[in-house]
Amino acid sequence: MSRLEARRLVIDIPGRGDGRALDVCLEPGQVWGVLGPNGAGKTTLLHTLAGLRAPRSGQVRLDGRPLSGLGRRQVARRLGLVFQERHDGFPATVRETALIGRHPYLSPWQMEGAEELRLAEAALERLDLTHLAERLVGTLSGGERQRLAIATVLTQAPALWLADEPTNHLDLHHQTEVMALLAEEASAGRAVMMCLHDLNLAARWCSHLLLLYPDGEACWGSAETMLVPAALEALYGQRLATAWVDGAPVFVPAR
Amino acid sequence: MVALTRPLGGLALVALAALVLSLALGSVSLSPGEILAVLRGQGGPLAQTLILELRLPRSLSAFAVGGLLAVAGALMQVLLRNPLADPYVLGLSGGASVGALAAMLAGVGGLVVTGGAFAGALLSTLLVFGLAHGRGGWTPARLLLTGVVVAAGWGAVITLMLAVTPADRLPGMLYWLMGDLAYARAPWPPLALLLAVCLLVVPLGRSLNVLARGPLQAAALGVSVRRLEWGIYLGASALTAMAVTSAGSIGFVGLVVPHMLRLLLGNDQRLILPACALAGGSLLLLADTLARTVIAPEQLPVGVITALLGVPTFLYLLYRSQ
């Protein structure tokens with residue numbers, strides 16, 4: 001179990017004012033959704049929270065200690081990041097790619113052993129990728145690669161998940177599967193924060209929401225307090241119609 | 001572990017065979033039995049001189065230089081995540097050549113040429129890295145582009161130097177530019193460096209595998225990216241400088257050997273880097289043996305042979321892998 005805390009955090013987006021400093025705490029069991037239009041800084045926020053970018057001001061603390069003072073290896077044992085963009089360097093198989101999730105746990109002289117392989121296989125199984133294990137990553141479809149990125153973080157087994165649009169490229173069934181997986185992780189005492197573009201997935205699966213506006217303004221809170229149609233309409237500059245299905249609100253663009 | 005030891009064992013046998021061949025062939029051919037006798041301290045004085053003073057130092061130098069070039073190329077390719085990168089593309093050998101040719105042009109030889117090559121390689125390293133860094137860190141594309149442009153600049157300087165050189169000094173310079181192991185008489189420094197690097201990359205190998213997937217992904221998986229990248233760049237530069245200093249400018253080994261091995265063995269750097277040391281060494285050793293025997297007593301520039309051997313092999317492997 002770990003907690004990740006943003007204290008008076010202002011992310012560094014060149015040419016933008018400071019907006020509102022974030023005081024957010026990601027606690028075990030919570031599923032946070034970050035909503036906002038394109039360019040609002042969702043990815044920058046996740047990267048800043050993961051310690052991959054320096055904030056303009058404020059601090060990120062992991063289990064009470066400043067993130068900037070922790071070694072990357074220590075951070076990687078507790079915090080995993082699903083990237084929105086992926087770069088293939090050299091060809092690698094699906095299994096090899098999932099296995100690199102164990103990197104933070106292995107000493108320099110250690111080779112991946114049976115235990116690492118077992119964790120990777122279990123993660124591939126969970127994401128319906130077992131039949132592709134021997135395939136080269138470059139030959140996969142966009143959705144399969146997205147699932148592989150999630151399987152790699154599942155192999156990494158962090159207490160904190162930061163996921164940048166985890167449902168990108170996924171078909172309807174796998175979108176639901178991935179959201180269920182993340183919710184399951186949270187209910188097992190881990191915590192998730194993800195950027196989303198789909199309001200309905202956010203309404204259905206997130207316990208907390210952070211709304212990020214293009215000018216740096218922000219508001220956050222529990223999902224039910226944040227899912228106010230007027231606030232969402234202002235966020236996206238898009239009028240919305242709301243319906244209730246299965247006990248959750250469904251938002252569609254109004255005509 | 002079996003997956004690592006078998007290919008490396010095979011390559012080690014190839015390297016050993018290449019070494020025996022290079023000791024046996026030449027103006028006077030020797031049998032493996034005679035070579036073994038000399039290495040045990042027996043054999044006639046002619047064979048003693050031939051092997052211990054002439055062929056063995058040159059063979060070991062060729063092996064070490066080939067290994068260094070291949071490992072340096074493989075490291076640069078990981079650093080830039082670009083299969084086209086190698087120390088030559090990045091301008092290191094250009095800088096070294098300018099340094100060495102300047103010394104030759106000034107009419108001094110021996111150690112000054114060596115020192116000039118080393119200084120040129122280091123200058124080029126600092127130039128490329130410093131310029132590519134600019135403000136706000138460097139990206140692989142920018143580093144590669146800076147290297148290519150700096151290399152082109154060195155190329156122009158080399159042409160200029162050749163144009164103003166008196167005709168009697170030209171052959172020596174041309175041979176140096178195409179790689180020449182005839183004066184490589186001190187195999188131990190490059191061999192020691194090669195061994196040290198091979199031992200160092202074993203623990204670093206997995207981090208390099210992760211780095212090959214991009215710096216952000218690597219940082220998210222616990223790699224200290226900036227430190228590792230600097231280490232690779234400076235390390236690969238030192239390997240190149242040592243290789244160029246020993247044997248002049250030999251192209252192609254650093255680009256082709258890592259590629260061939262990746263096509264055959266996959267992309268685990270823990271396997272690829274030591275395999276590069278063995279295969280690069282063997283390739284240059286065989287090429288040098290050919291270079292000094294094909295039209296004996298004349299010698300060919302070894303760089304010509306590496307290219308003539310490497311290009312068709314590489315194209316065949318590439319064609320087959322599709």
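Q: Why are helices H4(B) and H7(B) called roughly antiparallel to each other?
A: In this predicted model, the axes of helix H4 (residues 92-105) and helix H7 (residues 170-178) of chain B cross at roughly 165 degrees. Angles over 145 degrees count as roughly antiparallel, and H4(B) and H7(B) are therefore described in that way. Their axes come within 11 Å, and the crossing is right-handed.

Q: What makes H4(B) and H7(B) partners in contact, and which residues meet?
A: Two residues are in contact if their C-beta atoms, placed from the backbone, lie within 7 Å. By that criterion, Ser97(B), Ala100(B), Leu101(B) and Met104(B) of H4(B) meet Gly172(B), Met173(B), Trp176(B) and Leu177(B) of H7(B). By class, this contact has six nonpolar, two polar and no charged residues. Gly counts as polar in this scheme.

Q: How do you know where the transmembrane regions of chain B are placed?
A: The placement comes from an unreviewed UniProt entry, which gives the feature "transmembrane region" at several spans of chain B, including residues 60-80 and 299-319. In the model, residues 60-80 of chain B are 100% helix and 0% strand, with end C-alpha atoms 30 Å apart. Residues 299-319 of chain B are 86% helix and 0% strand, and their end C-alpha atoms lie 32 Å apart.

Q: Why do strands S6 and S10 of chain A stand at the edges of their sheet?
A: The open sheet has six strands in the order S6-S7-S8-S3-S9-S10 (chain A), with mixed pairing. Strand S6 (79-82) and strand S10 (218-222) each have a single partner strand, so one side of each is left without a neighbour in the sheet. Neighbouring strands are turned by 15 degrees against each other on average, direction ignored.

Q: What makes S6(A) and S7(A) a pair of strands?
A: A pair needs at least two bridges. Four bridges join S6(A) to strand S7 (residues 160-164) of chain A, and the two run parallel. In one of these strands, S7(A), Leu162(A) is the bridge partner of Leu81(A).

Q: Which helices lie across S7(A)?
A: Helix H1 (residues 42-49) of chain A lies across S3, S6, S7, S8 and S9, at about 155 degrees to S7(A). Helix H6 (residues 172-187) of chain A lies across S3, S7 and S8, at about 145 degrees to S8(A).

Q: What makes up the side of chain B that touches chain A?
A: The contact takes 20 residues from each of chain B and chain A. Helix H8 (188-211) and helix H9 (215-220) of chain B each give two or more residues, and H8(B) gives the most, with five. By class, this side has 10 nonpolar, six polar and four charged residues.

Notes: Residues are numbered from 1 along each chain as its sequence is written. Chains are lettered from A and ligands numbered from 1 in the order in which they are written. This is a predicted model: local features need pLDDT of at least 70, side-chain atom pairs count only at pLDDT 80 or more; totals for chains, interfaces and linings use all residues. UniProt positions are given in the numbering used here, feature names are shortened, and annotations may be inferred rather than shown by experiment. Axes are lines fitted to C-alpha atoms, for helices over the stretch in contact, and angles run from 0 to 180 degrees between N-to-C directions. Angles under 35 degrees count as roughly parallel, over 145 as roughly antiparallel, 65 to 115 as roughly perpendicular and the rest as oblique. A crossing is left-handed if the near helix is turned anticlockwise from the far one by less than a right angle, and right-handed if clockwise.
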